[in-house]
Amino acid sequence: MFQTRLYTLRTPSKSLYGSIRCYSSRNPLFEKILIANRGEIACRVMRTAKDLGIKTVAVYSEADANAQHVKMADEAFLIGPPPSAQSYLSIDKILNVARMTGAQAIHPGYGFLSENADFADRVKADRLEFIGPSGDAMRSMGSKSESKYIMERAGVPVVPGYHGENQDVKFLKEQAGKIGYPVLIKAVKGGGGKGMRIVRSAGEFEEMLESSKRESIKSFGDDKVLVEKYLERPRHVEVQVFADKLDNCVHLFERDCSVQRRHQKVIEEAPGPGLTEEIRAQLGAKAVAAARAVNYQNAGTVEFIMDNVDKQFYFMEMNTRLQVEHPVTEMVTDTDLVHWQLEVAAGNRLPMLQDELKLRGHAFEARIYAENPSNHFLPDTGNLFSVRTPQASKDIRVETGFIQGDQISVHYDPMISKLIVRGEDRNDALRRFRRALEQYQIVGLETNIGFVKRVAEHPEFIKGEVETGFIQDYEKDLLKPSPPPSPETLATAANAIRLSEIANTQVNVKDPYNPWATLNQSFRLNMKDTRTITFINSKDNDKQYNVEITSKNGDDLIDIKVLEQDGSVLKEYKDVQGQYNEQGELVSSIDSKHIKSNVVMDGDEITVFDEFGRTEVQLATPAYVIASAKGADSTGSVKTPMPCKISQVLVTPGQKIEKGTTLIVLEAMKMEHVIKAPMTGTIGEVLYGVGDLVDENKSLVTFADEA
């Protein structure tokens, strides 16, 4: 296929602004591709494919039968049960679907098989295009030790450390001592923080090494590690690179990904704050050198660790795939990197060369996770009962694979979506970013949205002072307890309950003569014009608040009184009025102002989003219900903090243990979580065994009653 392409001819001294038309061959894009992934990234690839007129094939596990990527694809095929090893990691099943459907290429997304060199080779062996780099490039960069040697030969700076084959525990400990503590143990084939441990003294080296190796085996099937110097004030700066099959290689500038928890990124921004043009150019040049050193093709990311004191940077690793955070680069370069991937895989030239790439403004990306920041960022699972997102525009994107009503499963990563916001400069982008986070409202499970917003509001983050220790350094600011609910918020919640009850007693169209149809309040026998609603704040020791609502006959106006549990009045509001608008927001006239709130009622759980942020309260449980629940076993126990799988059981019934002793090792969302004894005592029962799947808040181990 031939297409007219416009060229601008240049001389070394100046551009010739006149142009001539030339005819250049351009390979056609694929007719159909298979996406060997799920969730957000599968949907992301499909959107670009559909824009280009390319048909898409999805694969899915039994747990994802109703997932959005399945609904979005032109064709979708079940490939196994929920465990990844039997579905999304099954090369044979995926290739079989590709052959059946006539797909011409496979896009691996990120995670799962995206950096599996054998998979890339198998795809090519089946005469399909792999939309990514070669298996050889993956092998070279997938081994952290081999990649360090390659980078040294290519003139790319590397962190001091041991990257060799000797995995003897004593030898590795000696190397750590020579490097000097603190050191970082990293899985040779690792990524995403898995298998990574910080060791601050020789005394904890062996325990951390064993933990790193266990997690590495589970995540990557390989327990080899390397040991490196750990920088105390590091920044995580990475560079997006792209190379085609015609020997063109470019960088699309850098991203700063320093704000992390558990070694996993939370906020990314582009370009990196506080970097000079000289440093930016050096980062780009070294990243391109790294890619060329392994004859790289397609999208990749070269990750550097930067000393925030002297701004020296060192090669960490290369991710041989499209990154989770690629949209933040797209926003500041006005590109579609999935489109670029398809062009390169088809054998075409990069859509833009280095001198054509320019930065435009500043952008932030937040990874929205189902997790509880106040509980050590442990993942959460469950139903997305209510979801409201910011309005999408050219400067605001929400990349997700989930919608309201979907389930976040225990089987896969807890990321719900990515929020990407662009502005003309960093301050402009940050203001828009904070506002978009306010508008992102999820009810049904715990999320990190409020936490991310507190990060974006923090004075040090606003100044651009970001390092990988940012969350730990400002933990008290970022994880401070929720303030007590505002009286205005409690009044709004009570009015929402009243309006909901009125709506539920409206006229039944099949019974137009219903005598209760014209009532403006819920019918109760002997009910007075004043009623009391009691709320409980479970985040403040179940503190109670009473809200009295007084209705005025024949009038939509009500009076509201908010009281403490002891009866003292917090606030009184006269002539309050409220109604829902077309967007489902409660618009209230209260305290001489009009306010908009999103009030979500899920059973007895009430969540209010208003100018005071997110507030969660519960309707008080009637006394008779509380009485019926008494008599439960009061023996002390250790419970699961989340749905999980038992990885190790390290105690037995009758065993005497000290406080802090490791009892059980759990596995959830591909990460290990160690459960330690909260007190000294004797083990009563061990209720689960290795391999068992356990729901949240279930007792794992009981302590014998020694009274």
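Me: How many salt bridges does the structure hold?

Reply: The structure holds 57 salt bridges. The term stands for a side-chain nitrogen of Lys or Arg within 4 Å of a carboxyl oxygen of Asp or Glu. Please keep in mind that this is a predicted model, where local features need pLDDT of at least 70, side-chain atom pairs count only at pLDDT 80 or more, and totals for chains, interfaces and linings use all residues. Residues are numbered from 1 along each chain as its sequence is written, and side-chain values use heavy atoms, with hydrogens and water left out.

Me: What makes E399 and R47 a salt bridge?

Reply: Their closest N and O atoms are 2.2 Å apart, and the cut-off is 4 Å, so the pair qualifies. E399 sits in strand β22 (residues 396-400) and R47 in helix α1 (residues 39-51), 352 residues apart. Helices (H or I, at least four residues) and strands (E, at least two) are DSSP runs, numbered from the N terminus.

Me: Why is E399 called buried, and what is R47 called?

Reply: Buried means under 20% relative accessible area, exposed over 50%, and partly exposed in between, with a 1.4 Å probe and protein chains only. E399 has 5% relative accessibility, so it counts as buried. R47, at 30%, therefore counts as partly exposed.

Me: Which residues are linked in a network of salt bridges?

Reply: That network links E238, R255, K265, E268, E303, E325 and R367.

Me: Why is strand β41 described as largely enclosed?

Reply: Four of the five residues of β41 (residues 699-703) are buried, so the rest of the structure largely encloses this strand.

Me: What makes β39 and β41 a pair?

Reply: Two strands pair if DSSP finds at least two bridges between them. Three bridges join β39 (residues 681-686) to β41, and the two run antiparallel. In one of these contacts, I683 has F703 in β41 as its bridge partner.
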